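Have a look at the model first, then work through the notes.

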Amino acid sequence: MRAFTFIAYLLICSAAACVTGKKHNLPARKVYPDTVYISSTDVLKSNHIPDSVFQMKQLKKLWISGKDCDMGLHDDNKPEDGIQCWMIKEIPAAIGNLTALDTLGLTLGLFGKFPAEISKLQKLKYLDLSDSYMTSIDNLTALENLHHLLLYGCGLSKLPDSIGNLVNLKFIGLVGNHLDSFEINRIRKALPNCEVYYR
C-alpha cells in the first residue's frame with residue numbers, strides 16, 4: 001500500500017517542483033511557501049502538524065507523511081531507547097482554516113477521527129490517508145467535491161452509511177482494509193460513477 005502513497009507523493013513533488021528540507025537542510029516549508037507544504041514527521045522531528053501550517057490560508061497542497069517505528073515498540077516515556085515513532089497523531093480543528101486546499105495527503109497516522117471542521121475544505125479534490133488508523137471517517141462524507149480518496153491499508157471494516165454523499169468521487173482506493181463482499185457491494189451501489197479499487 002505504501003507504494004501507492006509513494007507514487008502519489010512523487011507526482012505531487014514533481015508537479016510542485018518541491019525540494020525536501022532534509023536533503024538541503026531547509027525548513028519544512030518548500031519552494032512555493034504560500035501554496036505548497038510538503039514534509040514528513042521525520043524532517044519535522046514531531047508527530048504533530050506544525051501550528052504554523054494552519055495559518056497558511058492560501059495553501060493548496062499539503063502533504064505530510066508519518067514514519068513507522070525504526071524497530072520494535074517505542075515507549076514515549078523512554079526517549080533514550082533510540083526508537084523513533086513519528087506517526088501523525090492528530091488532525092486539529094484548525095484544519096478548517098485551509099479552505100483553499102485541493103490536495104491533502106496525511107499518511108501513516110493514528111488520527112482517531114477527523115474534526116467536523118474538515119467539512120470547510122470544499123475545494124478538496126484529492127485526499128490520501130493511506131496507512132493511517134482511524135476510528136471514524138464519517139466527517140469525510142461532507143467533502144462532496146472529492147475526486148480521489150485513498151484509504152489503502154487503513155484497516156477499515158466499514159465505510160460511513162453516508163458514503164454516497166461523495167457524488168463527485170471518481171476513484172476510491174480500499175486495498176488493505178477488512179471490507180467484506182457485502183460492504184464492497186454497498187459501496188459500489190452508493191457510488192455508481194466511482195471506480196472502487198479493493199484488490
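A residue is called buried if its relative accessible area is under 20%, exposed if over 50%, and partly exposed in between (1.4 Å probe, protein chains only). Helices (H or I, at least four residues) and strands (E, at least two) are DSSP runs, numbered from the N terminus.

Keep in mind that this is a predicted model, where local features need pLDDT of at least 70 and side-chain atom pairs count only at pLDDT 80 or more, while totals for chains, interfaces and linings use all residues. Residues are numbered from 1 along each chain as its sequence is written, and side-chain values use heavy atoms, with hydrogens and water left out.

**Strand E3 and its cover**

- Strand E3 takes in residues 103-107, and five of its five residues are buried.
- Look at either face of E3 and you'll find it covered: Thr103, Gly105 and Thr107 are buried on one side, Leu104 and Leu106 on the other.
- Strand E2 (residues 61-65) is mostly covered too, with four of its five residues buried.

**Who pairs with whom**

- Two strands count as paired if DSSP finds at least two bridges between them.
- E2 runs parallel to E3, and five bridges join the two.
- Along that pairing, lysine 61 has threonine 103 as its bridge partner in E3, and tryptophan 63 has glycine 105.
- E2 also pairs with strand E1 (residues 36-40), again in the parallel sense and over five bridges.
- E3 pairs with strand E5 (residues 126-128) in the parallel sense, over three bridges.
- Glycine 105 turns up here as well, standing opposite aspartate 128 in E5.

- Side chains of opposite charge can pair when their charged atoms come close.
- The structure holds five salt bridges, each being a side-chain nitrogen of Lys or Arg within 4 Å of a carboxyl oxygen of Asp or Glu.
- Asp42, Lys45 and Lys67 are linked in a network of them.
- One link joins lysine 45 to aspartate 42, at 3.7 Å from N to O.
- Lysine 45 is exposed, with a relative accessible area of 52%, whereas aspartate 42 counts as buried at 16%.
- The other link joins lysine 67 to aspartate 42, at 3.5 Å from N to O.
- Lysine 67 sits in the loop between E2 and E3 and aspartate 42 in helix H3 (residues 41-44), so this pair ties together parts that are 25 residues apart in sequence.
- Is lysine 67 buried or exposed? Lysine 67 is buried, and so is aspartate 42.

**The lysine 61 salt bridge**

- Lysine 61 forms a salt bridge with aspartate 102, and the closest N and O atoms are 3.0 Å apart.
- This pair links distant parts of the chain, with lysine 61 in strand E2 and aspartate 102 in the loop between E2 and E3, 41 residues apart.
- Lysine 61 counts as partly exposed at 24% relative accessibility, and aspartate 102 is partly exposed with a relative accessible area of 21%.

**Cysteines**

- How many disulfides does the structure hold? The structure holds zero disulfides, the cut-off being a pair of cysteine sulfur atoms within 2.5 Å.
- Cysteine 154 is buried, with a relative accessible area of 3%.
- Cysteine 194 is buried too, with a relative accessible area of 11%.
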